[in-house]
Amino acid sequence: MAEEIQKQMQSEFENFKAMQKEYVRLVMQRQQLDAQMNENTAVKKELDLMKDDADVFKLIGPVLIKQELDEAKQNVSKRLDYINGELKRIDDLISSAELKREGHKQKIEKFQKQLQEAKAKMLNMA
């Protein structure tokens, strides 16, 4: 009986490790999105400070291409909207991963308790 509990606990531990790895990946992705959000917010502030007749250039590969100020503002706004959507999606995935991780942790604790009880019974029988 103890061997079966040990196998189940090991399997649950592997699931927990996989979920932990996924959680770390999601948190790193969230951090990257935060950095992109900060960068694009700074660009938006800079564009808002510019006069309507100011020259704006967009870097495409090794070349600077002239761009209309309104078009640049629209592009940055669209990027910010997209990043906000991705942040919400990632936050939802992180919450889900935390719940799954906690569920695996509770199962492991249950198996550990069962294993201790089984070992105690075996000692009492001996």
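Tutor: Ser11 counts as partly exposed because its relative accessibility is 41%; buried means under 20% relative accessible area, exposed over 50%, and partly exposed in between (1.4 Å probe, protein chains only). This is a predicted model, in which local features need pLDDT of at least 70 and side-chain atom pairs count only at pLDDT 80 or more, while totals for chains, interfaces and linings use all residues. Residues are numbered from 1 along each chain as its sequence is written, and side-chain values use heavy atoms, with hydrogens and water left out.

Student: In which helix is Ser11 found?

Tutor: Ser11 is found in helix α1; helices (H or I, at least four residues) and strands (E, at least two) are DSSP runs, numbered from the N terminus.

Student: What volume does the largest pocket have?

Tutor: Rolling a probe the size of a water molecule over the atoms shows where empty space is left. On a 1 Å grid over the protein atoms alone, a pocket is an open set of points where a 1.4 Å probe fits, with protein on both sides within 12 Å along at least five of seven lines; lining residues have an atom within 4 Å of a point. The largest pocket has a volume of about 150 Å³, the space filled by probe spheres set on the points, which are joined across faces, edges and corners.

Student: Which element gives the largest share of the lining of the largest pocket?

Tutor: Helix α2 does, with four residues. Among the lining residues are Phe57 and Arg79.

Student: Is Phe57 buried or partly exposed?

Tutor: Phe57, in strand β1 (residues 56-60), is partly exposed, with a relative accessible area of 46%.
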